[in-house]
There are 6 protein chains.
Amino acid sequence: MYELGVVYRNIQRTDAATADALAAFGSATVHEAMGRVGLMKPYMRPIYAGAQVSGTAVTVLLHPGDNWMMHVVAEQIRPGDIVVAAITAECTDGYFGDLLATSFQARGARALVIDAGCRDVKTLTEMKFPVWSKAISSKGTIKATLGSVNIPVVCAGAYVTPGDVIVADDDGVVCVPRALAAKTLEAAAAREANEGAKRAKLASGVLGLDMYAMREPLAKAGLRYVD
Amino acid sequence: MYELGVVYRNIQRTDAATADALAAFGSATVHEAMGRVGLMKPYMRPIYAGAQVSGTAVTVLLHPGDNWMMHVVAEQIRPGDIVVAAITAECTDGYFGDLLATSFQARGARALVIDAGCRDVKTLTEMKFPVWSKAISSKGTIKATLGSVNIPVVCAGAYVTPGDVIVADDDGVVCVPRALAAKTLEAAAAREANEGAKRAKLASGVLGLDMYAMREPLAKAGLRYVD
Amino acid sequence: MYELGVVYRNIQRTDAATADALAAFGSATVHEAMGRVGLMKPYMRPIYAGAQVSGTAVTVLLHPGDNWMMHVVAEQIRPGDIVVAAITAECTDGYFGDLLATSFQARGARALVIDAGCRDVKTLTEMKFPVWSKAISSKGTIKATLGSVNIPVVCAGAYVTPGDVIVADDDGVVCVPRALAAKTLEAAAAREANEGAKRAKLASGVLGLDMYAMREPLAKAGLRYVD
Amino acid sequence: MYELGVVYRNIQRTDAATADALAAFGSATVHEAMGRVGLMKPYMRPIYAGAQVSGTAVTVLLHPGDNWMMHVVAEQIRPGDIVVAAITAECTDGYFGDLLATSFQARGARALVIDAGCRDVKTLTEMKFPVWSKAISSKGTIKATLGSVNIPVVCAGAYVTPGDVIVADDDGVVCVPRALAAKTLEAAAAREANEGAKRAKLASGVLGLDMYAMREPLAKAGLRYVD
Amino acid sequence: MYELGVVYRNIQRTDAATADALAAFGSATVHEAMGRVGLMKPYMRPIYAGAQVSGTAVTVLLHPGDNWMMHVVAEQIRPGDIVVAAITAECTDGYFGDLLATSFQARGARALVIDAGCRDVKTLTEMKFPVWSKAISSKGTIKATLGSVNIPVVCAGAYVTPGDVIVADDDGVVCVPRALAAKTLEAAAAREANEGAKRAKLASGVLGLDMYAMREPLAKAGLRYVD
Amino acid sequence: MYELGVVYRNIQRTDAATADALAAFGSATVHEAMGRVGLMKPYMRPIYAGAQVSGTAVTVLLHPGDNWMMHVVAEQIRPGDIVVAAITAECTDGYFGDLLATSFQARGARALVIDAGCRDVKTLTEMKFPVWSKAISSKGTIKATLGSVNIPVVCAGAYVTPGDVIVADDDGVVCVPRALAAKTLEAAAAREANEGAKRAKLASGVLGLDMYAMREPLAKAGLRYVD
């Protein structure tokens, strides 16, 4: 499925306004707005709590234990991008540390999402450069084999095409395809619109059973109460 | 083993004074006080550090990817309860987020313990509603299938009967059966009573070898020292 | 491979100046300085973020569910040591809590590295006694079986000889053999020496591609750019 | 939850006819007949393919790395029993080998179900003594600590009361509570009754879509076909 | 990324001659022939040893614990197809058993590849219907929620477009994109062509070091021999 | 800990008579004979059931995704050796297939033990070349980086020095240090000597409780029987 040894320089990014606006809704709401699909595996965790970002994906495919292409992808970053790194096999090595983060940040990247390991997490935290990864590991990598940049990749179970929107926060990472980004933004906003009212009701003690009119369908499904 | 589609409204809760008093001892001491049993698996982790609670268990059994019964259990919560959620199969989906937490908190719940995933963890942290879970995941759930409320469940390897006491902190989650709660509280208090004196001795440089008189049994067991 | 029931009292520790100096470089740099070897598995995680230590290893071999030898090793600790605990089989029990930490700290230990579980993590965090472990668990242990102290052990995949240097931080744990410690310190210092200059260049927007002169080898390897 | 140091000699076993009859239906059908509950975790695997058994549970609770109680439970076995072994913490040690299997088989046990490790699997296979376990491991155990026999236990996520029926085959292990055994047997037989007819239809090319009349509900749910 | 509730009836299958011919080379050779990409994760294991197949992919996307769409995909199977089933979240439930296998086999399917669980493995083995799955589990599923048929899916880390070729054997599962199938077949045949000669040489005691002329590059890389 | 880029040609192998004789006792008995130490992690599994071997270790250290040194180690194999392969980081790639197995077998190797993946398992099974590995994977490797041959390595948690004895069977893999091999052989033989008598007793219905005189120590430990 993967084309190796190639760098696509021109990718169609989701328009910045849409890509930027999705961050505010968070990964859970965006994932619901897409119909409960598009999520990376829950083993992808942020290296520090509290970061919440969205941006356009530039992708990189790497081999196990080899981070050569990280330097290649750096050149393709534009402000507002999030780098999505996939590996051709299971690997927990630390592909990314503070020097690469300095470079990525200088190019305007907002975050890295990598289906492998990351290191220098203390410095990355101080730099406020968020990373979502599968592992944290001091294990360094070599620079010997070509992968590719800006081809579609599978990262932590999600299919990511360059230019898609990535939304990441403490709950996980979602990929929104470019073609669905505007519609997803609308749907997310619609979901959020009445959350305040719902929250106030629930906070006042109203039950979801009543607020969502669930008592009848539950009874129909056969729910019995025993005193 | 499980009865499906039923909600038990009247359960015998451990008396509040006992249930409340156990929090102060923490899960490790309570687990020791029970004879080193009753612990949930160590994969159950708090969504934020520092919470330490105890309370009476109300239980809910759910199906994979379906959180319908979460709304049913909300109605059965009384102040001082901790909701214990078991799933009929392995699942990491995010069954619980900020809206349900608002409802649970309004009903007086102190925490959720769930053998599956949780989401909106940033908001839950701000709300100070602690959750012990197996995963964090943006993945939402449907509302289609009946489970049960307030039946005995197996949660993360521990058998929990409604009304038992749950003690949870950064070290993990313990279930104290109602019938053993008073005795366990006494035993925990007894353990703790002389911990201060022990700590002072150890801090002054006295060795556990001497404080616990271990040199003789170690020598009997055959321990050799080589210079 | 293991000799059981023996305590070696005299071990050759790496000289203190070298052992102490390695902390500043962190596990990732030290691991690189050794040629990308010597690392413990990435499942070893600190119980709290931010600790960064180095020290001389005293080792202890324990049996599953049995922490008796923890009291024996305490006596062998000298100021500047880090205790490295290996288990003869997979185990996640909580071998170590606040009382043992008080004793270890009183003896001058800087940290514990254990291929099993740890408990009382809230108190350990307050005490600033860092632990790198495989699990956090309230599960207590018994005191029934002899292991050994200060024999070579395998801990989380790394071979540790008493007196070696342990370097641990948020990225993981590295073991530097005594014979390589001085050379590794030099190599680490050399690596770090020009990192500041590199970081400044990268921060200014210079690409690693140019700074490391990678364009030519990448082209030779066949990398193609597509517009 | 667990009572330690006790052996219950008199347990109420499910009647033999019912317990024996359930084997023929296999774990999947029995699990469906109970309403899709009662299953042990899928990490429980047979040590060899092809065994399919049912029998009445005698239970044993063990500590990590300690198989002393295996000898105690042996005495409580009656012909037609299946031993269910739970551990108080995660452990993969080999608690059970060919000598114990010889003893269990001599007492009339049909199988062992253990939430830990097993060894001598080549000999056990030759003896045709099936074991469902979490691991295979040469690691031996000690005999130092009391557990219990014939108390209710949680084994691989399932709650097992002594005298319940265990059904185990290549698909996994199910526990049928004694009180539900007769009803479950009926339900399983009913499910199986028309499976032959269904299989014949499907083998002839009839689709489940038609045989189960699913086309209408699928259309109602919104399924669209695109040519 | 996923479109839900839709069935694509017309897909472009790789031509049968190419799809069929790939089986003989096996997953390892095919994976090499593609440049070491396209492999599913190694947790995908066959339910019995020895099956080696290739065929054109028809895909199905399912929700956790829900196998409704399995009946929908059955109708889209043509002789020579292999069904590839992806799930929107982690799940080990047994989605597929002997009745569905009977139907799939009647429609001409050669195998199922599913990123979840399978059951009735004893019967499937007797039927010689091979399945590659992540788990074996008796746990049944419901029929409540729409997924899709013949959309591109991510299965066990591989991106599969309907009509691609699936090659599966004891070593794992590879997906060959339709556009690359002919070229991959050629490359696989070329690799295999001189394997017989190589094997004979190696069997006669010739070393790979000499056969592949590795001594010089190894020496250049710095390899030292110590007597 | 590891020296890179070096091949030790002269290693001190355990004498062949001892190394060969250990196979008959199997990994469980040998592990007991050593005092329950020396075992590799239970995730090491044979690629086919029934192989039972022992032999002298030649070791190789490899990098993730790189099997270059496999060709280097082949030359160092002598009849009666078992190759033990360790990796500098977690990796499941298929480092070893039928061509290398042909070469290893031609050199007289009895088996491979590898803390990574293996492929061509069908052919290896037909060749009767047993492999104990962590994974089975079609994923191929490159030849780019130097490791070492015949240095001490950590493989699956066990420390292996070249020339030690490896004993492997369906229960797992044990490493017996050269210095302990003769003593271990004696101890294993002694253990086995009276196993036949024990087995006969147990088969006749005598209980371990009586044969091992456990009733008194159990009573002393406090075991209670309840009717």
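**Interfaces between the chains of the predicted model**

Chain A and chain D do not touch, their nearest C-alpha atoms lying 14 Å apart, where contact denotes heavy atoms within 4.5 Å. Chain C and chain E are likewise without contact, with 14 Å between their nearest C-alpha atoms. The model is predicted: local features require pLDDT of at least 70 and side-chain atom pairs count only at pLDDT 80 or more, whereas totals for chains, interfaces and linings use all residues. Residues are numbered from 1 along each chain as its sequence is written, chains are lettered from A and ligands numbered from 1 in the order in which they are written, and side-chain values use heavy atoms, with hydrogens and water left out.

The interface of chain B with chain A draws 35 residues from chain B and 35 residues from chain A. About 3,100 Å² is buried between these two chains, and carbon and sulfur atoms give 58% of that area; buried area is the accessible area (1.4 Å probe) that two parts lose on being put together, summed over both. Five salt bridges are counted between chain B and chain A, the criterion being a side-chain nitrogen of Lys or Arg within 4 Å of a carboxyl oxygen of Asp or Glu. In one of them, Arg224(A) is joined to Glu3(B), with the closest N and O atoms 3.4 Å apart. Across the interface of chain B and chain A, 15 residue pairs are in polar contact, both residues at pLDDT 80 or more. A polar contact is a pair of N or O atoms within 3.5 Å; within protein, one must be able to donate a hydrogen and the other to accept it, and residues adjacent in sequence count only if both atoms are side-chain atoms.

On the side of chain B that touches chain A, two or more residues each come from strand S1 (6-8), helix H3 (68-76), helix H4 (98-107) and helix H5 (121-127) of chain B. Helices (H or I, at least four residues) and strands (E, at least two) are DSSP runs, numbered from the N terminus. The largest share of this side, seven residues, is contributed by H3(B). By class, the side comprises 13 nonpolar, 12 polar and 10 charged residues, with Ala, Val, Leu, Ile, Met, Phe, Trp, Tyr, Cys and Pro taken as nonpolar, Asp, Glu, Lys and Arg as charged, and the others, Gly among them, as polar.

Strand S12 (residues 224-226) of chain A runs parallel to S1(B), the two being joined by three bridges; strands pair if DSSP finds at least two bridges between them. Within this pairing, Arg224(A) stands opposite Val6(B).

For chain A and chain C, the contact involves 35 residues from each of the two chains, and about 3,100 Å² is buried, 58% of it on carbon and sulfur atoms. Trp68(A), Leu99(A) and Ser138(A) supply 19% of the area that chain A buries against chain C, more than any other three residues. Five salt bridges are counted here, including that of Asp227(C) with Arg9(A), whose closest N and O atoms are 2.7 Å apart. S1(A) pairs in the parallel sense with strand S12 (residues 224-226) of chain C over three bridges, and Val7(A) stands opposite Tyr225(C).
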